[in-house]
Amino acid sequence: MKNKFTILLITLMSTLLLAACGGNDDKAADKDAKNNEEQPTEQAQAEEVDPKKVVVKVNGEEIKGEEYNTMMQQTSMMMMQFGQGTDPEAIKEQTLNSLIEQKLLSQEVANKGYKASEQEVEDYLAEIKASYESEEKFEEALKSSPLTIDTLKKQIADELALEKYLEKEVGKTEVTDEQIQEYYDQAKAQNDAQLKELSEEEKKQQQPFPELADVKEDIKGQLEQQETSKKLQAIVEDLKEKGEIEKLI
């Protein structure tokens, strides 16, 4: 799948979550699904709200419980995966913040005239489906996620529109060879330090640290993503300061 840098940013994470369950490692996906089934009580701690209830207003635009519930499930899954616990108040607060930031960005993007065509959305969706062994596997993954095909398409449309906005309004982040070298050196130093803690037998089982030439483009992409994320967060904070936000739950 294309390396769409905005996927790594703060709001539209469910598209990545669904895509990651695809052809990369079906066994891992099955294991994650099993783990989620084994922990129903933990996820159940975060309560859903009435789908028709207005949970927050952003510049006069209402966000209702239906959207909150979907985002809440995604937030719960992400927090559990990253070991951040399942405290219901923390999940609620993070869910509201994600909805607010997503809405502020979508308003900003729309006000600037950026949008994705139906064909672009379908093409992106086809990329996600192509990462699965079959259409049936994709449908199974979709059913096990908090998304429907309609909400997935909406988030893809938002994602692509945001990407266009960033390309035009923020521009491409330039990364120097010096930055890449520094990142590589730090990673290698950390790897060497970890190796010192291992036994000789454990060291034999470790993969050799890659040469810079083999990972240079990957490092460059990661650094570009990090810088873009910082710029986007600054935009969001500015929109928060200027916007009218009213939490109703």
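Predicted model: local features only at pLDDT ≥ 70, side-chain atom pairs only at ≥ 80, totals over all residues.

Student: In the open sheet of 3 strands, which strands stand at the edges?

Tutor: The strands follow the order E2-E1-E3, with antiparallel pairing. Strand E2 (61–64) and strand E3 (245–247) each have a single partner strand, so one side of each is left without a neighbour in the sheet. The strands at the edges are therefore E2 and E3.

Student: Which residue in E2 does Val-54 stand opposite?

Tutor: Strand E1 (residues 54–58) pairs with E2 in the antiparallel sense, over 4 bridges. The residue of E2 that stands opposite Val-54 is Lys-64.

Student: What angle does the direction of helix H4 make with that of E2?

Tutor: Helix H4 comprises residues 65–81 and packs on the sheet. Its contacts there are with E1 and E2. The angle between the directions of H4 and E2 is about 55°.

Student: How many nonpolar residues does the contact of H4 with H5 have?

Tutor: H4 contributes residues including Tyr-68, Met-71, Met-72 and Met-79, while those of H5 include Ala-90, Ile-91, Leu-96 and Leu-99. The contact also has 6 polar and 2 charged residues. Its nonpolar residues number 8.

Student: Is the crossing in which H5 passes H8 left-handed or right-handed?

Tutor: The axes of helix H5 (residues 88–111) and helix H8 (residues 149–170) come within 10 Å and cross at roughly 60°. Gln-102, Leu-105, Glu-108 and Val-109 in H5 meet Asp-158, Ala-161, Leu-162 and Tyr-165 in H8. By class, this contact has 5 nonpolar, 1 polar and 2 charged residues. The crossing of H5 with H8 is left-handed.

Student: With which residue does Glu-93 form a salt bridge?

Tutor: The structure holds 15 salt bridges. In the one formed by Glu-93, the closest N and O atoms are 2.7 Å apart. This pair links distant parts of the chain, 154 residues apart, with Glu-93 in helix H5 and its partner in strand E3. That partner is Lys-247.

How values were computed:
Residues numbered from 1 in each chain as written. Heavy atoms only, no water. Axes fitted to C-alpha atoms, helices over the stretch in contact; angles between N-to-C directions. Helix = DSSP H or I, 4+ residues; strand = E, 2+ residues; numbered from the N terminus. Left-handed = near helix turned anticlockwise from the far one by under 90°. Contact = heavy atoms within 4.5 Å. Nonpolar A, V, L, I, M, F, W, Y, C, P; charged D, E, K, R; others polar. Pairing = 2+ DSSP bridges. Salt bridge = Lys/Arg side-chain N within 4 Å of Asp/Glu carboxyl O.
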